[in-house]
Amino acid sequence: MNFHTLLDRYRVDDGKRFRLKDRDPADCAGLSIEKREAKQMLAEGVERLSKLQEVLYAQDRWSVLTIFQAMDAAGKDSAIKHVMSGINPQGCQVHAFKAPSTEELDHDFLWRTTRALPERGRIGIFNRSYYEEVLVVRVHPELLERQQLPPDLVSPRIWGHRFNAIRAHEQHLAESGCLVLKFFLHLSKEEQRRRFLDRLNDPEKLWKFSLGDVAERRHWEAYQEAYQDAIRETAAPHAPWFVVPADQKWFSRLVVMAAVVDGLESLKMTYPTVSPETRAAYEKARTELEQE
Ligand code: ATP
Ligand code: MG
């Protein structure tokens, strides 16, 4: 199986008919980590990505923004770690977005992430993003009250306004040479329960456990609805969502890796070439160095 056909199952670039319930968090596309094919695909992804990143950097025209969204314990951190394992840290910028600070709340909701957008030639990784503004804030509308918005702007219409803003923002990014790839790591409720228990039972994982995560779990259905809506409203050919089955960590890493490789390949990048004059000057330099 090649990356492109694998991705067909998980890419959403038109949200109209998207239903989260149709997606199986345990799906592995018939692959198994016990078999050679899956292991080879994982290794191949790391290698291809590292070459592509070099051209991205050398060409210095495009930037890549990858966005990771998920319920707690879905494996955002480990997916990010795996994707990064193949790339030069200098060409990569990771940002994690937690609950906003007072300064951040004093600005519009796209401000803090806009400042963190990747430069040309770089791969930016957002561990959570402006999508939290239509996810956690939608599940807990009381968070809106802390946002200091003029009261007239705070109505049920605010979610539609936010989706408009996000669509326009991502359109603008695409038209500015930023490839936007969005990942929803789709975990099942049962697998989340297992992972939480695992954290509680293993002293080396206990640090990852948080009571707040269990509190959020109680809003599972509301989150699933908010995720479905966000994907429906913002999936586009220039800013696709990948709904990545996340019950098997190795498989979610493979899909994420494949999507980044496939996205970079779609840019058809080439190393910069030099003009005939520069080439002639380089030839002179070569002769000089050779004769030293
Ligand atoms: P990990 O748990 O693996 O460290 P995490 O991304 O869950 O990673 P936490 O510090 O646990 O990090 O959680 C960050 C919290 O911040 C999440 O609950 C998230 O919903 C919340 N958050 C992020 N952005 C916003 C926002 N714009 N408004 C309100 N809450 C937000
Ligand atoms: Mg957390």
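This is a predicted model: local features need pLDDT of at least 70, side-chain atom pairs count only at pLDDT 80 or more; totals for chains, interfaces and linings use all residues.
A crossing of two helices is called left-handed if the near helix is turned anticlockwise from the far one by less than a right angle, and right-handed if clockwise.

**View 1. Helix 8 crosses helix 11 with right-handed geometry.** Here you can follow helix 8, residues 158-175, as it packs on helix 11, residues 220-234, at an angle of about 45 degrees and with the two axes 10 Å apart. That angle makes helix 8 oblique to helix 11. On the helix 8 side, look for F163, I166, R167 and E170; they meet D229, A230, E233 and T234 of helix 11. Sorted by class, the residues of this contact are three nonpolar, one polar and four charged.

**View 2. Helix 3 packs against helix 12.** The axes of helix 3 (residues 76-84) and helix 12 (residues 249-266) come within 9 Å, and they cross at roughly 50 degrees. Helix 3 and helix 12 are therefore oblique to each other. As helix 3 passes helix 12, the crossing is right-handed. To find the contact, pick out S78, A79, H82 and V83 on helix 3, then K249, R253, V256 and M257 on helix 12. Four of the residues in this contact are nonpolar, two are polar and two are charged.

**View 3. Helix 2 and helix 12 meet in a left-handed crossing.** Helix 2 spans residues 36-59 and packs with helix 12 at an angle of about 35 degrees, their axes lying 9 Å apart.

**View 4. Ligand 1 sits among 14 residues.** Those that come nearest to ligand 1 are K76, K98, R128, E132 and E133. For E133, an N or O atom of the side chain is 2.8 Å from a nitrogen atom of ligand 1. A polar side-chain atom of D72 is placed 3.1 Å from an oxygen atom of ligand 1. For D77, the corresponding separation between a polar side-chain atom and an oxygen atom of ligand 1 is 3.4 Å.

Technical notes:
Residues are numbered from 1 along each chain as its sequence is written. Chains are lettered from A and ligands numbered from 1 in the order in which they are written. Side-chain values use heavy atoms; hydrogens and water are left out. Axes are lines fitted to C-alpha atoms, for helices over the stretch in contact, and angles run from 0 to 180 degrees between N-to-C directions. Helices (H or I, at least four residues) and strands (E, at least two) are DSSP runs, numbered from the N terminus. Angles under 35 degrees count as roughly parallel, over 145 as roughly antiparallel, 65 to 115 as roughly perpendicular and the rest as oblique. Contact means heavy atoms within 4.5 Å. Ala, Val, Leu, Ile, Met, Phe, Trp, Tyr, Cys and Pro count as nonpolar, Asp, Glu, Lys and Arg as charged, and the others, Gly among them, as polar. A residue is near a molecule or strand if one of its heavy atoms lies within 4 Å of it. A polar contact is a pair of N or O atoms within 3.5 Å; within protein, one must be able to donate a hydrogen and the other to accept it, and residues adjacent in sequence count only if both atoms are side-chain atoms.
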